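Please look over the structure below before reading the points. They are set out for someone who has not worked with this structure before.

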Amino acid sequence: MPGFECFDMLATMVALVDPEGHCLQANSALENILAVSRRTLRRGSVLDWLVDPTQMRETLALVASNQVSTSRFDALMRRLPLGTGELPVHVIVNQTEWPDRVLVEMLEIEQQTRLDREERTLGLAQANKELVRNLAHEIKNPLGGIRGAAQLLAMEIDSKELMEYTGVIIHEADRLQALVDRLLAPHRRAQMVGDVNIHEVCERVRSLILAEYPRGLDVERDYDTSIPEFRGDREQLIQAVLNIVHNATQALAERIGAGDARLQLRTRVGRQVTFGRRRFRLALELHIEDNGPGVPEAIRDRIFHPLVSGREGGSGLGLTLAQTFVQQHHGTIECDSAPGRTVFKILIPLP
Ligand SMILES: Nc1ncnc2c1ncn2[C@@H]1O[C@H](COP(=O)(O)OP(=O)(O)OP(=O)(O)O)[C@@H](O)[C@H]1O
Ligand SMILES: [Mg+2]
């Protein structure tokens with residue numbers, strides 16, 4: 001069928017079938033997801049790919065006989081080779097301009113919900129960032145005044161007891177100032193772009209962490225040395241990785257004491273990776289995995305939001321900053337956490 005090749009560029013699965021469901025054409029997403037060659041797919045039927053083909057059979061008949069022009073339903077797809085699990089998909093069956101040819105489109109539901117979630121997160125993160133930035137500015141100005149006034153007051157009074165109060169005001173103002181500075185930090189310094197070798201970034205973080213925890217923590221590395229250098233800000237990426245690794249070491253405190261804490265830095269090249277609604281041919285994947293207790297359930301959806309913290313004394317900014325830095329490289333950070341295994345994944349598109 002001329003022109004069918006253009007479906008190869010889609011991330012959704014597409015097949016052209018006849019009214020009985022025999023497959024005439026399949027696109028590369030279908031080939032990849034079912035892990036079967038196009039030639040094999042073309043010998044089969046779309047009905048064989050579904051756990052329960054009843055609805056597909058009925059829909060094909062309706063569409064082919066022009067009773068409806070298009071129809072949608074959810075179904076379970078069999079993963080081939082058979083027996084390797086089932087895949088929930090959203091199916092769209094459409095008429096075509098060719099007689100007796102029906103177009104079947106299948107969308108991974110997981111992928112769809114993931115895309116929706118990513119979109120929501122992105123929008124929320126943007127709104128949050130603006131709010132925090134404005135708030136930080138609003139706090140910053142009067143804070144200088146409060147601190148100055150407390151200093152003047154301290155010079156006027158001789159009572160030691162009262163001096164203690166002014167001391168508290170100055171100390172707390174400084175603490176708040178430091179917090180505000182961190183909130184505004186990613187917007188203060190311009191990006192310094194150069195060639196970045198991700199393994200240099202990892203090694204730097206590794207040595208800093210080993211200096212801090214010389215005992216009880218095993219920092220493994222598993223690098224794919226074929227990863228090319230890319231344009232980016234090395235210092236920003238070191239800071240991002242360091243923030244993630246710091247969280248891991250804090251979560252691992254007990255295990256570090258017991259001597260069986262494990263942290264792994266793993267790099268890979270991902271092919272045809274989708275994030276932020278875009279598909280990238282090549283992407284760098286840096287996985288930071290720890291064997292700690294996992295991210296507390298209650299904050300799992302919100303850890304990248306500013307001021308969300310699950311630990312005593314945490315300011316909840318580490319991951320917000322890390323996410324901002326990685327986003328400035330057109331990438332994203334994802335988290336997958338369960339007790340005993342937490343993975344933070346940094347994804348950055350490669351040229
Ligand atoms: N590897 C991890 N294991 C378990 N919990 C984690 C892990 N990484 C992050 N968290 C949870 O996510 C929360 C948010 O992390 P984030 O770095 O943004 O803030 P923080 O560490 O609390 O404070 P800050 O980094 O600003 O000092 C942490 O408080 C912790 O509860
Ligand atoms: Mg942190």
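1. Two or more lining residues come from each of α4 (109-156), β10 (278-290), α9 (318-327) and β11 (332-338). Helices (H or I, at least four residues) and strands (E, at least two) are DSSP runs, numbered from the N terminus. With ten residues, α4 gives the most to this lining.

2. By class, the pocket lining holds ten nonpolar, eleven polar and twelve charged residues. Ala, Val, Leu, Ile, Met, Phe, Trp, Tyr, Cys and Pro count as nonpolar, Asp, Glu, Lys and Arg as charged, and the others, Gly among them, as polar.

3. The protein is divided into domain 1 (4-110), domain 2 (113-188) and domain 3 (193-349), with bounds from an automatic or database domain assignment. Domain 2 and domain 3 each give at least three residues to the lining of the largest pocket. The C-alpha centres of domain 1 and domain 3 are 38 Å apart.

4. Around ligand 1 there are 22 residues, of which N247, S309, G310, S315 and L317 come nearest; a residue is counted if one of its heavy atoms lies within 4 Å. Polar contacts (pairs of N or O atoms within 3.5 Å) to oxygen atoms of the ligand involve a polar side-chain atom of N247 at 2.8 Å, a polar side-chain atom of S315 at 2.6 Å and a backbone N or O atom of L317 at 2.8 Å.

5. On its own, ligand 1 has 600 Å² of accessible area, and the protein covers 92% of this; such areas come from the Shrake-Rupley method with a 1.4 Å probe. The elements giving two or more residues to the shell are α7 (234-251), α9 and β12 (341-349). The largest share, three residues, is from α7. The shell has ten nonpolar, nine polar and three charged residues.

6. Most residues other than glycine have a negative phi. D100 has a positive phi of about 60° and sits in the loop between β4 (86-95) and β5 (102-108). H330, in the loop between α9 and β11, has a positive phi near 65°.

7. Residues are numbered from 1 along each chain as its sequence is written, while chains are lettered from A and ligands numbered from 1 in the order in which they are written. In this predicted model, local features need pLDDT of at least 70 and side-chain atom pairs count only at pLDDT 80 or more, whereas totals for chains, interfaces and linings use all residues; side-chain values use heavy atoms, with hydrogens and water left out.

Methods. A polar contact is a pair of N or O atoms within 3.5 Å; within protein, one must be able to donate a hydrogen and the other to accept it, and residues adjacent in sequence count only if both atoms are side-chain atoms.
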